[in-house]
Amino acid sequence: MPAPLVILILSLLLGLQPITTDLYLPALPALTASFGAVPAQAQLTLTALLLAFGASQLFWGPLSDRVGRRRVLLIGLAGYTLAAVGSALAGSIEAMVFWRVLQGAFMGAGTVCARAIVRDLYPPQEGARAMSKGLSGLGVAACLSPWIGGLLAEWFGWRATLVALTVMGALTLFVVARHFQETLHERHPEALQPAVLLRTARGIVGNRSFWTYASLCTASFGGLFCILSASSFVFINLLGTSPSFYGVLLLLLSAFYLAGTMLCRRMIVRFGVQRSVMIGGALSLGGGGLMLAFALAGVGTVWSIMVPAFIFMLGHGVHQPCGQSGAIAPFPKAAGAASAITGFLMMVVAFGAAYWVGANLGDSALPMIVGVAFCSAAVAFIAWVPVQRVQLGAAG
């Protein structure tokens, strides 16, 4: 496949996750009211999806090492599209949660294969740059999703945001079915055997480089989901913004993430991965620390939250491509399994962060802000200490 096609497919596969989580966020308060639910129940449509998304990758990753990336992608994208239809037609909050869980489970196939495809095609340093290009596409999707979601929710109602996910799933399925060529040339028929699974998993979780880079992208992802899980209630219910303006705020947030991925590519060429991550750590800590400082000073406006969040997202755009590609770099023959464990860790932490923020969210934005600050401090520590002590792609 030509390089532009590879990047397009990576962008579509990686973009499914932010589209699925972000597009309907402006409609979440209306969805909650429509079903007569409480915010904690409505947030299950996000947190349960994340948990299923993370857990499913533990299955999709080894399966893709056994049967190839293409088959797994076709199954996963078809299932995602059907589950999106079910979500759009759901008649109760319980049915909505059920279909969103299925949607998250099938969505895991696309994300885990996208990371594995990068390792199939590129060595570690080039893989980080390729991943940053694919995640730039994710950034574009994340930019447009909340804005489009806000408009759809205001013009056509909250169900229209879920219909849009059906269209996106079908489009991605068409592109993959028509144009994607298998990238795994040496399949591993024993990949799903229990003894092999256990041996592979032990090799991955026992690798210091894996834990270093997986922890980096996981901590940063946790900070992002502290924002995403609570921001619609904070900005719409507490600060009184409209759903469409909230969509614009998330568009701006995603634009800074996109800028971070572009900055990442430039810095990798000039400084290498480790120094780039060090700079990203300063951005993460600066954003989370400034947000907390404003809150403790009693400043509670839209922009006292958003400006620090913009800084945090610049760092997030550095840590995701470096962390995700770095975590799978030591495992060229088990890229699917390494990608699966990385994705599982990211989603478990995202679920935990979102659940904690949702459980403590009342009439104040402070739980969301504390969560972001904690995650940003963790990101900075990992970027400045463990990342500087391990070699990218080290086997041990």
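1. Start with helix H9. Of its 31 residues, 26 are buried, so H9 is largely enclosed by the rest of the structure. Keep in mind that this is a predicted model.

2. Next, the length of H9. The helix covers residues 208–238. At 1.5 Å a residue, its 31 residues should span 45 Å, and the C-alpha atoms at its ends are 43 Å apart, so the two values agree.

3. H9 also has a kink. The bend is about 55° and is centred on Ala 230.

4. Look at both ends of H9. Just after H9 comes Gly 240, with a positive phi of about 75°.

5. Now a helix pair. Two packed helices are described by the angle between their axes and the distance between the axes. For H3 (residues 39–67) and H5 (residues 93–121), the angle is about 35° and the axes are 6 Å apart. Their crossing is right-handed. In the contact of H3 with H5, 17 residues are nonpolar, ten are polar and two are charged.

6. Finally, a loop residue. Lys 333 sits in the loop between H12 (302–328) and H13 (335–360). Is Lys 333 buried or exposed? Its relative accessibility is 60%, and exposed means over 50%, so Lys 333 counts as exposed. Along the chain, Lys 333 and Thr 200 are 133 residues apart.

Definitions and conventions: Residues are numbered from 1 along each chain as its sequence is written. This is a predicted model: local features need pLDDT of at least 70, side-chain atom pairs count only at pLDDT 80 or more; totals for chains, interfaces and linings use all residues. Side-chain values use heavy atoms; hydrogens and water are left out. Axes are lines fitted to C-alpha atoms, for helices over the stretch in contact, and angles run from 0 to 180 degrees between N-to-C directions. Helices (H or I, at least four residues) and strands (E, at least two) are DSSP runs, numbered from the N terminus. A crossing is left-handed if the near helix is turned anticlockwise from the far one by less than a right angle, and right-handed if clockwise. Ala, Val, Leu, Ile, Met, Phe, Trp, Tyr, Cys and Pro count as nonpolar, Asp, Glu, Lys and Arg as charged, and the others, Gly among them, as polar. The expected span of a helix is 1.5 Å times one less than its number of residues. The bend at a residue is the angle between axes fitted to the seven residues ending there and the seven starting there. Buried means under 20% relative accessible area, exposed over 50%, partly exposed in between (1.4 Å probe, protein chains only).
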